[in-house]
Amino acid sequence: MEEHHGLNYVRTEMLGEQAPPVSEVGAVRWVRENLFSGWVNTILTVISLAVIAWAVMAIGPWLLNSVWEAESLAQCREILAAAGAVNEHGTFGACWGVINDRWHQLLFGFYPPELYWRPILAFVLMLVALAPVLFPNVPRKWLFFSVAYPFIGFFLLWGGTVWLPLMIAAGFVVGYIAARLTSGYSTLITSAAAIIAPLIWWFYLMGPVTEALHSMIPIGLEAVQSNDFGGFMLSIIIGVTGIVLSLPLGILLALGRQSNMPLIKTICVVFIEFVRGVPLITLLFTASLLLNYFLPPGTNFDLILRVIIMVTLFATAYMAEVIRGGLAALPNGQYEAADALGLDYWKAQRLIIMPQALKISIPGIVNTFIGLFKDTTLVVFIGLLDPIGLSSAIRASSDWQGIYWELFIFIGAIFWIFCFGMSRYSMYLERRLKTDHR
Amino acid sequence: MKKSVFLGTLTVAGLAAGMAAAGTLEDVQERGTLNCGVSTGVNGFSAPDANGVWQGFDVAICRAVAAAVLDDPMAVNFVPTTGQTRFTALASGEIDMLARNTTWTLSRDVDLGFTFVGVNYYDGQGFITNRELGVSSATELDGATVCIQTGTTTELNLADFFRANNMTYEPVPIETNAEAQQQYLAGACDTYTTDASGLAATRASFSAPGDHVILPEIISKEPLGPLVRQGDDEWADIVRWTLNALVAAEELGITSTNLDQMTAGTDNPEINRMMGTEGSLGEMLGLEADWAVRAIAASGNYGEIFAANIGEQTPVGLARGLNAQWTQGGLMYAPPFR
């Protein structure tokens, strides 16, 4: 037994943990699995690296030679030449002086500089107003502010008398009162009263009342004309208004298209198919050119307002189809279950159908939003000075003629921030809604 | 019935349009601002500066009219228009006048229903090439690749010119002036052709302007001028004679600096009539007696406006050429103020 004592076949103590092979940990493993996992991937990786290296080599020196302090392109070139940044085509380097000189125009257009606080405040308040709509852990009471925001935003941006936005808002109260007064009669009469009464108010009564109130209590901000609007401020005004209005209108249109009532269904189908069949640029030209012929001259129907209406109509038609896709994806059982619970049409939509249909449609909805926001640059063709329009206006001044990339990189970067933000939010929303329903 | 209501509305709108168009002067005076259509940006002619104030040769005409009518050169609401929107904006009454380097042609004057009130810049189409190419005349461009903006009259002029001289060329179609500059500098074409004023402005923006030469041939006539709607002769007269006043002021030696002296009264009766110290020219136009004084005070006489915006001392660097006074061998000729 003694000699067998050393031949111990059973370990009495555990071996210490060994480090995993180098190829299975950390960066090396990640690189092996993600970049070189097969010969196809290896080739693609090498090609991609070569392209990136080439791009960096091409753009890097240009960016490194950046000039920020210059009053004009000529001065910029002098600075670059003095620094020795020259190649066979002349001076070589980014001239960010143009952004330094004109950033305020790219952001605000010709809005009076001493009033910049107004669009900035309007933008911050817009974020506040959007918060309760976008995030669940914001107090619900903030929604009241969201409802009031359009009037606050209008007042801050355009200025003028405080009574105008208040009286426009009063139109909704008029509609509500009219609906309450006629609530004893049939739904048709109530709806008609709720629509016609505010229209009468807005078109006929509001003007004199506003003037009378303003002459009695003149409160207001300095008025700013639409002509002074431009740059990203204009893009955001058109884009956000279009986005906010197109969703509810799109839902109504999608429901209308599925309606059993032939008249409503026909109207919705005709509208959607017409707008989808026409390019946005055509609608914009209609807004800027054709409407002028039909409206009596002297009617001051704001161009930006006309454009907003057209952009909203355009986005609405697309939105309606996106939501119809969501509705079609719901199994029939959901509709039948809602009926079986004894819910009426609107309750069924609100509680059963829409929450599910909208959830399915989120990627499509956000897609439409991002597309709409980027489409706002099309207004350059009707002479509105959005960022792209301003870039050519800036180039038209003797100081900056001949400058391209710096302006477009700046504009592209800001658009990217907005669009990437929207896309990240939609991914967050999808994740959140998925866990909610699990 | 619905149709008749619709048509009726249209008729009323049309009538209202006709009535409103009859009194542009009253509209402008009532509004307190002049709506002037300009381009969205052409170097030297109209562009906003860093403070958002519009500057340029065309802009100065708008300011002169505003000064004559409203006594305030800054009371102009500049409406940026594109090549597509400019004529509709004017026809629909959105703007009171258009000063957007627009070529005076018969069809625009007659068929589109506008009135060109004069010419503020005589332009023509030219060519720019690299000095290394060794070309000294456009007739030596046989077989050249030419950068050309599509859908413009310059495209047609180019084809005519090469055919008349029995030469061939290869067009490189481009969309905008900015694109043309890039293509030309990158060597995509031997020569770039557009209005000579545009070529000069473009060359001024190159990093090495001296390497490029603008060829002496001008192959088309491009008289650029302000225009108004047809049918309101009173308003057309005001714009026309404001432009004439600027031109005549240069001829008569009236500048923004000696304006006070000239207004005080001179031995030249024509100057006195223009300054409103004699006769009643302002009254005939429906304006105040010192209308021309204000117009000239806005940004100087024609020569001063030219020098300040596109003249040889500016980066655009255009010589007066055809735009000199008739007494200096140019075409600028204002009818008498009598």
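Guide: Helices here are DSSP runs of H or I with at least four residues, strands are runs of E with at least two, and both are numbered from the N terminus. The model is predicted.

Visitor: Where is D71(B) placed?
Guide: Start with its backbone. D71(B) has a positive phi of about 65°, yet it is not a glycine. Most residues other than glycine have a negative phi. The place of D71(B) is the loop between α3 (57-70) and β4 of chain B.

Visitor: N166(B) also has a positive phi. Is N166(B) buried or exposed?
Guide: N166(B) is not a glycine either, and its phi is about 60°. It lies in the loop between α6 (153-164) and β10 (169-174) of chain B. Exposed means over 50% relative accessible area. N166(B) has 70%, so it counts as exposed.

Visitor: Back to β4(B). How many of the residues of strand β4 of chain B are buried?
Guide: In a regular strand the side chains alternate between the two faces of the sheet. On one side of β4(B), V76(B), F78(B) and P80(B) are buried. For β4 (residues 76-81), the buried count is six of six.

Visitor: Which residue stands opposite F78(B) in β4(B)?
Guide: Look to strand β1 (residues 34-39) of chain B. It pairs with β4(B) in the parallel sense, over six bridges. Opposite F78(B) stands C36(B).

Visitor: Which residues touch the most other members of the largest nonpolar core?
Guide: This core has 154 residues. Helix α12 (residues 303-329) of chain A gives the most to it, with 13 residues. A second, separate core has 13 residues, including A138(B), V146(B), I148(B) and F162(B). In the largest core, the residues with the most contacts to other members are F229(A) and W235(B).

Visitor: Which aspartate is in contact with W235(B), leaving aside neighbours within four places in sequence?
Guide: The partners come from several parts of chain B. They include T24(B), L25(B), V28(B) and L34(B). V65(B), V69(B) and V228(B) are also among them.

Visitor: How far apart in space are L285(B) and S205(B)?
Guide: L285(B) is in helix α12 (residues 281-285) of chain B. At 11% relative accessibility it counts as buried, and its contacts include L25(B), W241(B) and W291(B). L285(B) and S205(B) are 80 residues apart in sequence. In space, C-alpha to C-alpha, they are apart by 42 Å.

Visitor: What separates the centres of the two domains of chain B?
Guide: Domain 1 of chain B covers 25-120 + 225-328, and domain 2 covers 124-220. Their contact takes five residues from domain 1 and five residues from domain 2. Taken over C-alpha atoms, the centres are separated by 31 Å.

Visitor: And in chain A, how far apart are the centres of domain 1 and domain 3?
Guide: The assignment for chain A gives domain 1 (22-62), domain 2 (116-144 + 227-431) and domain 3 (160-221). The C-alpha centres of domain 1 and domain 3 of chain A lie apart by 64 Å.

Visitor: Is T129(B) buried or exposed?
Guide: T129(B) is found in strand β8 (residues 125-130) of chain B. Its contacts beyond four places in sequence include V135(B), Y184(B), D190(B) and H212(B). Buried means under 20% relative accessible area. T129(B) has 0%, so it counts as buried.

Visitor: Now the rings. What kind of aromatic pair do Y345(A) and W346(A) form?
Guide: The count over all chains is 38 aromatic pairs. In this one the rings are 5.2 Å apart, centre to centre, with 80° between the planes. Planes over 60 degrees apart set the class, so the pair is edge-to-face.

Visitor: Which ring does the charged end of R320(B) sit over?
Guide: The charged end of R320(B) is 5.0 Å from the ring centre. The ring belongs to F306(B).

Note on methods:
Residues are numbered from 1 along each chain as its sequence is written. Chains are lettered from A and ligands numbered from 1 in the order in which they are written. Side-chain values use heavy atoms; hydrogens and water are left out. Domain bounds come from an automatic or database domain assignment. Rings of Phe, Tyr and Trp (its six-membered ring) pair if their centres lie within 6.5 Å; planes under 30 degrees apart count as stacked, over 60 as edge-to-face and the rest as tilted. A charge sits over a ring if NZ of Lys or CZ of Arg is within 6 Å of the ring centre and within 35 degrees of the ring normal. Buried means under 20% relative accessible area, exposed over 50%, partly exposed in between (1.4 Å probe, protein chains only). Two strands pair if DSSP finds at least two bridges between them. A nonpolar core is a set of buried Ala, Val, Leu, Ile, Met, Phe, Trp, Tyr and Cys residues joined through side-chain atoms within 4.5 Å. Contact means heavy atoms within 4.5 Å.
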